[in-house]
Amino acid sequence: MLKDLTSMLSGCSDGRLHVLCGMGGCGKTALALELVHRAHEAGSSVDHVWWVDTRQSAALEAGRRAVARQAGATVEELDAGDIGDVLWHRLNRLPSGWLLVIDNADDPDLLHGPGRLSSGTGWVRPHVQSRGLVLITSRDGARRTWGPHALLHPVGVLDTAQAAQVLLDHAGDRAGTSQEARDLADQLGGLPLALRLAGTYLSETTRTPPAFRTPGTPADFSSYSGAVESGPDTTGLQGIVARAWELSLRLLERRGLPQARQLLALLAGFADAPIPYTVLLAPDALAGTGALPDLDGHALWQHLQGLNGLSLIDLQPAPPQSPLPSVRLHPLVRATSHTPDSSAHAAALTARATGAIETGSPDTPAGWPWWEALSPHALHHLRHATEACLDASHHTSAAILACRYLRARGLTHQARLELAPILDTCRRVLGEEHPDTLETRHTLAGVLHDLGKQDAARAEYEAVLEIRRRVLGEEHPDTLETRHDRAYLLDDLGREDAARAEYEAVIEIRRRVQGEEHPSTLSTRHNLAHLLPGLGRWDAARAELEAVLNIERRVLGDEHPSTLASRHSLAAILDHLGQQVVARAEYEAVLEVRRRVLGEEHPSTLSTRHSLAYLLIGIGHHSAARTEIEAAREILTRVLGEEHPSTVAARYSLAGILNDLGELDAARAEYEAVIEIRRRVQGEEHPSTRAARNGLARVLNDLGELDAARAELEAVLNIECRVLGDEDLSTLMTRHNLAGVLDDLGELELARAEYEATLEVRSRVQGEEHPSTLAARYNLAGVLDSLLLLDAARAEYEAVLNIERRVLGDEDPSTLMTRHNLAGVLNDLGQKDVARAEYEAVLEIRRSVLGDEDLATLDTRHNLARLLAGLGRWDVARAEYEVILEVRRRVLGDEHPTTLITRQELRDLHTAVPEGDASLG
């Protein structure tokens with residue numbers, strides 16, 4: 001069979017599903033592993049091997065999406081239709097060989113998908129790839145399950161000769177003759193698992209000198225056969241395994257390991273997952289729960305080694321990045337060893353471990369190795385509490401903590417799936433007002449918020465808050481936690497004033513009750529600081545964050561998630577305040593730690609990549625920013641979904657980058673997609689929807705569709721004036737943008753009036769030195785320039801420049817842009833030598849700070865070339881234009897607007913001044 005299956009990987013595939021079917025313990029998975037090994041052998045034509053375990057629906061879902069993505073499917077394809085259709089479309093078109101193993105498909109209903117497995121329309125289906133193979137292992141060998149498109153390969157017990165050889169391979173000829181091995185193999189039914197247990201048993205005993213053996217210990221095939229014959233009167237598969245491991249357990253008891261049987265039963269009480277024995281089986285825990293009170297550490301280790309030596313368990317070393325070794329049981333050994341008492345003891349040990357100080361918090365990376373190992377068991381015990389006759393009320397806390405771990409790791413969908421039955425159990429067993437019920441609802445609200453379901457999250461928070469206030473009181477930590485998280489949600493919903501009031505109230509109580517340096521106090525102060533920029537209070541936000549960060553670094557350490565979150569937020573404020581160099585260094589430092597500690601796909605890592613990209617846009621590094629945003633968007637879409645706020649925010653930023661790069665049609669499509677999602681999910685009046693419409697208006701303006709841009713901005717402005725008022729910062733921003741469109745439409749007086757009205761409010765509300773106030777003055781200067789009010793324009797530019805030099809410094813991008821435009825006005829006023837000196841000074845700094853190929857550097861070179869041509873320095877100007885054109889073609893492309901302008905001005909210069917005319921130099 002293996003030979004035939006291997007040949008299908010070399011171009012002889014029949015396109016059918018190949019199902020290894022048979023009872024547990026007969027070696028189906030072992031055969032599949034052997035085929036994988038052969039696929040990896042030298043000379044194999046197989047480039048892709050995938051292994052998907054179907055025992056848990058969440059793992060199956062993650063596995064099939066991963067296979068589809070690695071086969072070439074895009075996120076958009078997976079989100080647009082049936083994953084099964086997309087998967088097989090891609091697999092059928094792979095140019096090289098592949099092997100897809102679907103292991104443990106004992107519940108084939110999981111493989112149906114929207115279609116039907118037996119009709120060839122499930123998510124596992126026939127294919128047309130000549131070098132592809134689908135291999136399934138299952139206990140279900142019914143033809144009606146798999147349909148006519150599947151070939152069933154029954155995997156039964158071994159025949160007598162093969163089974164005898166397995167025994168001889170393990171025990172050697174010291175255990176007896178070939179015929180005796182054949183007799184024992186028949187007695188064990190040829191079952192590979194039972195043969196392995198018997199073989200490892202005899203391997204141990206035959207190595208013991210006869211004089212040292214305990215009397216009655218089976219040491220050869222015949223005596224082992226006799227011991228099996230005289231064992232418990234059990235029949236069937238589990239009976240065969242039970243008789244085999246019974247002999248192994250008796251051997252361990254004779255060797256001075258009297259509690260091996262009880263230890264194996266205890267291990268069988270845990271979930272079918274790796275068991276971190278150094279945590280769950282700590283001797284003090286065994287004594288405290290009454291599980292195995294007489295085993296100290298040394299004795300426990302001897303018992304584990306003894307069970308491992310006879311293949312009753314598998315001791316596994318700690319995986320990379322984890323300090324926890326583990327033990328696993330074969331499912332049949334687990335099934336035959338399990339007792340009701342073992343479930344109760346295992347559940348008690350799990351509850352004890354999840355509450356231990358050493359385990360750490362599920363919310364912070366330091367505790368994650370422990371929670372990764374403990375979570376399957378904590379969730380398993382509550383899930384099976386009824387059938388195991390456990391008191392569910394004793395195990396809800398551990399399960400809730402496990403869900404908090406899932407959320408902290410960014411596994412929000414899985415957390416939501418697990419929380420729903422936990423909440424049902426809490427309500428049924430504990431009641432609506434029990435602390436565990438409320439904690440489950442609070443955690444669920446956070447998960448719903450993470451998933452972008454703000455309305456549902458808000459309803460949960462408010463219901464929990466009402467009960468906690470009434471039952472626990474206004475100053476209880478749990479009540480404060482719910483108020484804190486609800487404020488965070490209100491901020492996301494655009495209700496900044498309500499969120500601020502809530503944060504300030506919580507801070508007042510936490511400072512008084514918990515103290516200035518308590519992590520909860522710091523967390524609320526951080527969130528308040530994060531909100532303040534939305535209210536225009538950037539300096540207050542910076543001061544608050546710097547104070548919080550100083551405490552967090554001292555108390556929590558540089559790599560604590562709270563410290564990193566504060567550094568991230570401070571970097572955003574520094575970026576806005578024009579300190580891009582410092583901000584970039586902060587982002588990159590935070591990103592390095594988050595990648596290392598949290599992983600590439602964690603939401604916090606992606607958030608930092610997104611913010612770094614936004615900074616790179618601001619300093620003109622558009623290509624680097626695009627790379628960051630596209631990578632973050634791909635992961636966000638795959639992990640969180642197309643409509644999650646973080647995914648949509650990444651698309652919003654990408655649209656801005658595409659606009660800056662001159663890819664206007666692509667930018668427009670992105671903005672329109674973002675607006676469609678935000679309108680539907682968040683509503684027409686949500687701040688994020690309005691921001692996207694502002695972005696679309698900018699693209700429409702750049703596309704020359706000025707009337708459409710004006711209409712878009714006027715619609716947004718009407719909403720903001722009605723909802724927020726004339727002096728709200730968002731309203732002022734839209735008026736500012738509308739003034740820019742009016743300027744481009746040639747309606748200069750209207751544009752001037754808008755800028756002057758905006759400037760008056762900003763100066764009064766935000767102050768003369770606020771960046772937004774300076775932007776309004778700067779743009780007003782541009783309109784005055786267009787109106788040929790050159791002296792007024794010069795005065796405005798010089799006023800802005802004086803503040804920028806003092807506040808931001810001579811090398812800040814905003815300072816340089818103002819000097820650049822001031823040089824243009826000076827040129828128009830006829831002060832060409834002064835203008836030339838300004839351009840040359842700006843160019844020197846931009847080359848030094850940004851590099852020769854930065855877009856801002858090229859703009860200054862372009863204007864300087866134009867000025868030199870006006871001064872009659874035609875050869876110098878021509879040389880400048882040619883260098884600028886070469887760079888713009890290479891960086892921006894031939895069709896970018898600035899490339900076209902450069903080409904035209906160079907052509908005009910060639911026409912007016914023929915090259916080589918010596919009289920023109």
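Me: Which residue just after α28 takes a positive phi, and of about how many degrees?

Reply: The structure is a predicted model. Just after helix α28, the residue with a positive phi is G599. The angle there is about 105 degrees.

Me: What is the distance between the end C-alpha atoms of helix α28, and what span should its residues have?

Reply: Helix α28 covers residues 580-597, which is 18 residues. At 1.5 Å a residue, α28 should therefore span 26 Å. This agrees with the distance between its end C-alpha atoms, which is 25 Å.

Me: Which elements do the buried residues of α28 pack against?

Reply: The buried residues of α28 include A583, Y587, V590 and L591. Q580, E586 and R594 are also among them. The elements that the buried residues of α28 pack against are α26 (538-555), α27 (561-576), α29 (603-618) and α39 (813-828).

Me: How many disulfides does a search of the whole structure find?

Reply: A disulfide requires two cysteine sulfur atoms within 2.5 Å. For C426, the closest cysteine sulfur is in C403, and because it is 9.9 Å away, it is too far for a bond. C426 itself is buried, at 0% relative accessibility. Over the whole structure, the number of disulfides found is zero.

Me: Which helix has the lowest mean pLDDT among the elements of the protein?

Reply: The mean pLDDT of the protein is 85, and 94% of its residues reach 70 or more. Among its elements, the highest mean, 94, belongs to helix α22 (residues 454-472). Where pLDDT is low, the predicted coordinates should not be read in detail. The lowest mean, 59, belongs to helix α4 (residues 75-80).

Note on methods. Residues numbered from 1 in each chain as written. Predicted model: local features only at pLDDT ≥ 70, side-chain atom pairs only at ≥ 80, totals over all residues. Heavy atoms only, no water. Buried < 20%, exposed > 50% of the residue type's maximum accessible area, 1.4 Å probe, protein only. pLDDT = per-residue confidence, 0-100. Helix = DSSP H or I, 4+ residues; strand = E, 2+ residues; numbered from the N terminus. Expected span 1.5 Å × (residues − 1). Contact = heavy atoms within 4.5 Å.
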